[in-house]
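Please keep the sequence and the model at hand while reading.

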Amino acid sequence: MFFCISTKQNTEVALFFINVSGVAGIGKTMWSKKLCHDWLQQVPPLDHFKFVFRIVLSKVNSDIPIEQVILEQTKAFKDKYTTQDIAKLLDLYGKDTLLLIDGYDEFKREKNEDIQKLLTNESKYSNLTILLTSRPEVVTSEFENNFEFIGELCGFTEDSRQKIMTKFLKDQTAAETFQKELKTKDIDDLSYHPLFCVMLLVLYQKDQSLPATRTLIIQSIVHFIIKRNFKRYKDLKYKQTTVNEILTKLGHHAWLSLLDSSVILNKVGMIS
């Protein structure tokens, strides 16, 4: 069994269709990768499965069969097997196979009918175990009632947050000083979010201090990300004015897209 829950009678219930949600940057993709790693290490209860396939929905750009999707996204299989081999495998070992389907919020349903059938329980492979990750409230009512378990990634616990800080700064005293600054500037809550925690640690390590306000912190993070990506382009040099121009152009493009109705705003985010 992949996930188990305890009933009032203290018995275990096998779960075959699971949704795990979380806000952007909380660690859904990293968690799905860790599950693959744990399966390779035969960590219970993942050792139950003979096969685990991770499908990244943002990389599914055409209406191709699920067998082809698996083949294209599984490097170890790509040059050795065919779609017919994958079909036979799923037929023979469906009940022993886990599909980790990552990023439903980045999936355009009309682009792949096979994946949509898997999620609506209309696929010919009906005995697979499926774990779907998504942002909160993205999953449609079309198949949300099919889930046997719905979970949410909520960020770091206090203990795991402290371990990350100490490991990153390589010193317990430095980690404690960092935490004090977070509380002094009233931004302690941001550090429970994994992505923000890493960004805050990077900023702190650079100057041994953090910007004074949340606005300045977000601004510094954006500049850091853009500056880091400048390294990919040898003919470009990082300048503060260049970054501001990039952000202005991005904002202009986003506004035009809204006016052209090519981007739709919903209560979760944007869908292009």
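1. Basis of the note. This is a predicted model, in which local features need pLDDT of at least 70 and side-chain atom pairs count only at pLDDT 80 or more, while totals for chains, interfaces and linings use all residues. Residues are numbered from 1 along each chain as its sequence is written, and side-chain values use heavy atoms, with hydrogens and water left out.

2. The protein as a whole. The protein has 10 helices and nine strands; these are DSSP runs numbered from the N terminus, with helices being H or I of at least four residues and strands E of at least two. Of its 272 residues, 35% are buried, that is, under 20% relative accessible area with a 1.4 Å probe and protein chains only. The accessible surface comes to about 17000 Å², and carbon and sulfur atoms contribute 54% of it; the areas come from the Shrake-Rupley method with a 1.4 Å probe.

3. Contacts along the sequence. Among contacts with a separation of 6 or more, 62% link residues 24 or more positions apart. Contact here means heavy atoms within 4.5 Å.

4. The sheet. An open sheet is formed by five strands in the order β4-β5-β6-β3-β7, with parallel pairing. At its edges are β4 (51-56) and β7, each of which pairs on one side only. From one strand to the next the twist averages 15 degrees. Two strands count as paired if DSSP finds at least two bridges between them.

5. Neighbours of β3. How many bridges join β3 to β6? There are five, and β3 runs parallel to β6 (residues 129-134); serine 21 has serine 134 as its bridge partner in β6. Towards β7 (residues 149-152), β3 has four bridges, again in parallel, and valine 20 is partnered by glycine 151.

6. Burial of β3. Strand β3 covers residues 17-21, and five of its five residues are buried. Phe17, Asn19 and Ser21 lie on one side, Ile18 and Val20 on the other, and both faces are covered. In a regular strand the side chains alternate between the two faces of the sheet.

7. Strand β5 (residues 97-102) is joined to β6 by four bridges and runs parallel to it; isoleucine 101 has leucine 132 as its bridge partner in β6. Helix α2 (residues 66-73) lies across β4 and β5, at about 90 degrees to β4. Such angles run from 0 to 180 degrees between N-to-C directions, with axes fitted to C-alpha atoms, for helices over the stretch in contact.

Methods: Buried < 20%, exposed > 50% of the residue type's maximum accessible area, 1.4 Å probe, protein only.
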